[in-house]
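Subject: Structure for your review

Dear colleague,

Please find below the structure that I am handing over to you, together with its sequence. My findings follow it.

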Amino acid sequence: MSCGLSFFLKRLIVSRNTSKRVFLLSKMKRSTQNTPEKERETSQQGAAAANSPNRSPPADRSLLNPNINLGLHEGTMEETTGNDEHRRVEYLENSIKSEMDKKTYRVIRLQNGLIALLISDVHAESSFQDKDDEEDDESYEEDKEDEGDEEDEEEEGDEEDEDDDMYEGDDEEEGPFDDEEEGAFDDEDEDKFDKDDAPRAKRIKRSEKMAACAMSVGVGTFSDPPEIDGLAHFLEHMIFMGSEKYPKENDFDAYISKYGGYSNAVTGLEQTTFHFCIQQKHFLSALDRFAQFFIKPLMKKDAIKREREAVESEFQIALSADSNRKVQLQCSFAYDGHPVRKFGWGNLSTLRDNVSKDKLYQELHNFRERHYSAHRMRLAIQAKLPLDTLEDYVTKCFADIPNNALLPDDFAEFKGVKSFDTAAFPKMYKVKPIKDFCRVDLTWVMPSSLEHYKTKPHEYLSSIIGAYGKGSLMSYLCKKLWCIDICCNNNDDFGDTSLYSMFCLKLWLTDKGYENLEDVLAAVFSFINLVKREGPQKRFYEELQQIEQTNFRFLEEQDAEDYVVDMSENMFFYPPRDYITGDSLFFEYDADAIQMCMDCLVPDKVNIIVYDKNYNEQQFDKIEPWFKTKYMEKEIPSKWTERWKDIEPFPDFHLPLSNMFLVDDFSMISLPAKVPHYPEIAYRDAMLEIWYRPDCTFGLPECYMSLYFISDVPYATVKNAALMDLYVMILSQLMRENLHPAAVVGYTHQIMSLENGAVLHINGFNEKLPLLLTLTAEHMVNFPNIVTKDMFKVMRTHLAKHYYNAIVKPKNLSTSVRVAILMKVYMTDLEKHSALQDVSFDDLLEFVRSYTSQLYIQCLVQGNMTQAYVVEKIRECFEILQCKPLPSELRPRPRVMKIPLGVRCCKVRNLNTTDVNSVVLNYYQIGVESDKEKAMINLLLLMMAEPMFDQLRTKEQLGYDIHCSSKNTNGILGFSIKAVTQADKYTTEYVDVRIEEFIKSFAETIEKTTEDELNSFKETLKKKKLCADVHLKQEFDRNWDEIENEDYMFDMLEREVVALQTITLGELKDWYAAYTQNGPSCRKLSVHVVGRASNEATPVAEACINGPKHIEAAMFNGVEKHHWKTKHILEYVPDEQSDENRRDNSIANIEDFKRQLDSYPAKPINPFGTSA
């Protein structure tokens, strides 16, 4: 999939804001494996808990929400097998589920107090399922493996800082099977792309499903001992380091990885959650290994030193995230002794310098024995197995977890709004962020939302205050050009706990908005006073209630691993009947609860934090001790607060009107007797190709549409590429007010800027989906008449900030450098940032005229619409556009450069002058895409991922984030290994050497691999490829990738499975030897982003276009001058290695280097291939 600038009209299912208690700490990567491509009533109190002298909470109460009754049923206790008393269970009330949910559920409590939610995914094939799948599957019967038990065998990216820039592009972890596409499709030899000559894979039924498990423990950083901050987080790391039954340190990770799964863990304020997924056949054995971590974990002394380094590395990565910095700062505003004031991350200071190794070891075990008790654990498991089987699995594996019957730590004295009833909280703070943005955050403390989950008053208020439809606060601020975006919720960062909720309103300001900050804040309280004056509105509440009931009724299935995590966490906050519904539905209207939350929104109790990149930190007199955030505090002027108390609602303001996008037609179309397996051409002419396939699998009244508006204009120059991004950003902004009602209902509208034009993605209930398409076309046509010069200036500045925020991340920069070297023509964010400075309003208007004059449009529609209706509505849309077709010879044909044989290295400096993190990205170019080459790379990465992680991350501690992934750059295949380290710990050269040493040692691993072992890996990869789609979007995205990249090989997964079966051990050995190390076909590109060691950080790392005297002034004042017109220059770092050959192979200038290279031939336009 091409990388691009993306702007979202986010799906506003408002109650989803409470689906998780927010976790303070980033996720701990246990493995780099990704998920596959892309369900009796008795009672009796638990003996252990009831008979203990130090009684735990009553057995029918939730640990974190004591008002919740667990709904035990009267009756007798049943035992699951034989006379084993400790394996007896009691059955709790079952969970309410969506009528479209075919899974079955059971809630049980073991004798040790552990509560488990069993989710069985064994259900009859839907009536909507492909009718031909069964007969197609017969041809693949010979490949079915023996289903005998193997459970007893003993075998063995990146925290997003989303709040800083609402338009921020993804910076996600890459797994080994990402199969990343970068730009339009492109290949080497025309003959190789004659799809008519390519064998077509036999249709294979994709019915595999991953099994998943999540364990949530009712303890988090709130319970860290005062003398060891971060102990809960450290325990989360250490508990995976082997058990008495499985003592090998990476036994669990290796086993999970071998069978196509992955594991992860995350530490929060009040919970710690561990989870994994694996192929179902090996689920029981994986559960046994997993359970042993909670029965008898080892946590040896010799592992402490290494894992402390991992925590430190994780913390160093987190340091540059503004959201983390804000959390820790706001935590310090709580009153002394409050558990939220603790430093939950932990680092070497808290885990090494301030505590002896012996004491840390003892406290670690004490903490686990104190808090990791079965009665404080909630387990959720899901598999394509009967409920009785799942129950048997749980009792077998988890019944031996000890129950100490101790009460959790008592934080009752901190409960309620008094948590932050301090002199520090109701003030105004100024902070200079790491990223470039200007934002004001207003935060109030409210009673915990858990106490009112059936009414959800917090979500009711956030849906009104955070709206951007007509009459809203955001609408007013946008018209004034004071604000770019808004976010309002009670699930902000650390803000929703059992003790309190933080209600936060964030406003992303323009320069003009910052200049008028007093008036912006006055507008906020004017709108709040309108909300208070009107009071709770039953009409609006019932509308939200209807929307959520409808969305729940037609709820799409989640991936199993995500679902069990959500459920295990929900189990602490809701009774069993509401495990599934508790975080989403509006159950009952309670005007008093809503009024109570309204009454909290007062000027005297607000905390205000203002962020601006242009602040002079030299003027700040305070430093937050852990993240070293410099800030300044001041009293909120009394004249402001007095004005806010009495300010009248502005005439522009009104509460949301009735929603025109409410849906009432959920009828399903009649399906033809035979539905094609893949999309087929429904219509095409010189300007338009429409691909279509009805949904015959999921049976939901929804539809997905994607359209790619292709032109030669954006690809022509860097300036045009920046103008394309700017056009898409402004277009999205212009549509937001009109599209807000659709977003509230659940429609998604996303516009992306790619290399060759704009892509529109829309989805939702099919009844009114065409309205979004028409609205987009009308705005595209009317753009020159509705955009203003002032808006242009505001959005140009905002786009420049977006570019900066992308390149300031070292991982993003490493990817950008790699792709810039590989692509013959590629416009980096750095280059577009520079080009944007010379863009005028007239330039934009001329670009839009030129871009929309000639287009070629690719389109895919899948879901609950007939083919005739699809063609009619899309052609109506393009009649609105009134553009001419783009001649085929003008279609951009990107080309990829061929890396020379041997090794080439490009070292650049981290653009963030305060960031110690370095990145080493080693890319190995393979060549032109083929089914077998793709299968070979994915097989290699499956075999390599866990040993690499174990050696480089766990044993050598090169860095916290180390992973490998496949790369598909316009049809040219390769794979990469990426490591994030710290400049004050290791040099990038050292990390590069260690990666190559692993590559060398892994050659020996391959040499020792047996045919049986290879076949096992092949079977694992085959099952990953054949995993069933969980929801329509997965199928749709896979098909859209084929269209967007002009490959049209919709049966690619099946083709890869066929190719996989032909790979022999000898071929794998020869292939690996050829493409790695000093092999005859080795083409390695090593990209290093060198972090800033603490002693080299300088306040002047940017050259301002205002001239040398401004640079000198900045140096004199010791201040980093920052402006959106600041030019950021890629700083190449010379290779200082003594090896002369290495120095000769260094890339000192990307463009100069590329001039020496050959390129792969451009791929000719493919007239749709044989899979159509």
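This is a predicted model: local features need pLDDT of at least 70, side-chain atom pairs count only at pLDDT 80 or more; totals for chains, interfaces and linings use all residues.

The pLDDT is the predictor's confidence in each residue, on a range from 0 to 100. The protein as a whole averages a pLDDT of 86, with 81% of the residues scoring at least 70. Residues 1-61 also have a pLDDT below 50, and this stretch has 269 contacts in the model beyond near neighbours in sequence.

Strand E5, residues 104-110, is mostly covered, with 6 of its 7 residues buried. E5 runs antiparallel to strand E4 (residues 88-92), to which 4 bridges join it. One of the paired positions is Leu92, whose bridge partner in E5 is Val107. E5 also pairs with strand E6 (residues 115-120), again in the antiparallel sense, over 6 bridges. Here Ile108 has Ala116 in E6 as its bridge partner. E5 and E6 form a hairpin with 4 residues between them, and Gly113 in the turn has a positive phi of about 100 degrees.

The sheet of 7 strands

An open sheet with mixed pairing contains 7 strands in the order E14-E15-E13-E16-E12-E18-E17. Its edge strands are E14 (483-489) and E17 (622-623), each of which pairs on one side only.

Strand E15 (residues 501-509) is joined to E14 by 6 bridges, and the two run antiparallel. Cys483 has Leu509 in E15 as its bridge partner, and Cys488 stands opposite Leu505 in E15. E15 also pairs with strand E13 (residues 438-446), in the antiparallel sense and over 8 bridges. In that pairing, the bridge partner of Met446 is Ser501 in E15.

How many of the residues of E15 are buried? The count is 9 of 9. In a regular strand the side chains alternate between the two faces of the sheet. In E15, Ser501, Phe503, Leu505, Leu507 and Leu509 point one way, while Met502, Cys504, Lys506 and Trp508 point the other way, and all are buried.

Helices H11 and H15

Helix H11 (residues 457-465) packs against helix H15 (residues 538-553) at an angle of about 100 degrees, with the axes 11 Å apart. H11 is therefore roughly perpendicular to H15, as angles of 65 to 115 degrees count as such. The contact brings Tyr460, Ser463 and Ile464 of H11 to Phe540, Tyr541 and Leu544 of H15. Of the residues in this contact, 5 are nonpolar, 1 is polar and none is charged.

Phe554 lies in the loop between H15 and helix H16 (560-570). Phe554 is buried, with a relative accessible area of 9%. Leaving aside neighbours within four places in sequence, Phe554 is in contact with Ser98, Met100, Phe666, Leu700, Pro701 and Phe765. The C-alpha atoms of Phe554 and Phe666 are separated by 9.5 Å, although the two residues are 112 residues apart along the chain.

Further loop residues

Leu886 is located in the loop between strand E25 (884-885) and strand E26 (902-909). With 4% relative accessibility, Leu886 counts as buried. Beyond its neighbours within four places in sequence, Leu886 is in contact with Ile710, Ser711, Asp712, Gln854, Leu855, Tyr856 and Arg891. Leu886 and Ile710 are 176 residues apart along the chain, and their C-alpha atoms are separated by 8.1 Å.

Lys628, a residue other than glycine, has a positive phi near 55 degrees. Lys628 is in the loop between E17 and strand E18 (630-634). Is Lys628 buried or exposed? Lys628 is exposed, as its relative accessible area is 55%.

Glu1046, likewise not a glycine, has a positive phi near 60 degrees. The loop that holds Glu1046 runs between helix H29 (1032-1044) and helix H30 (1052-1061). Glu1046 counts as buried, at 4% relative accessibility.

Yours sincerely

Notes. Residues are numbered from 1 along each chain as its sequence is written. Side-chain values use heavy atoms; hydrogens and water are left out. Contact means heavy atoms within 4.5 Å. Buried means under 20% relative accessible area, exposed over 50%, partly exposed in between (1.4 Å probe, protein chains only). Two strands pair if DSSP finds at least two bridges between them. Axes are lines fitted to C-alpha atoms, for helices over the stretch in contact, and angles run from 0 to 180 degrees between N-to-C directions. Angles under 35 degrees count as roughly parallel, over 145 as roughly antiparallel, 65 to 115 as roughly perpendicular and the rest as oblique. Ala, Val, Leu, Ile, Met, Phe, Trp, Tyr, Cys and Pro count as nonpolar, Asp, Glu, Lys and Arg as charged, and the others, Gly among them, as polar.
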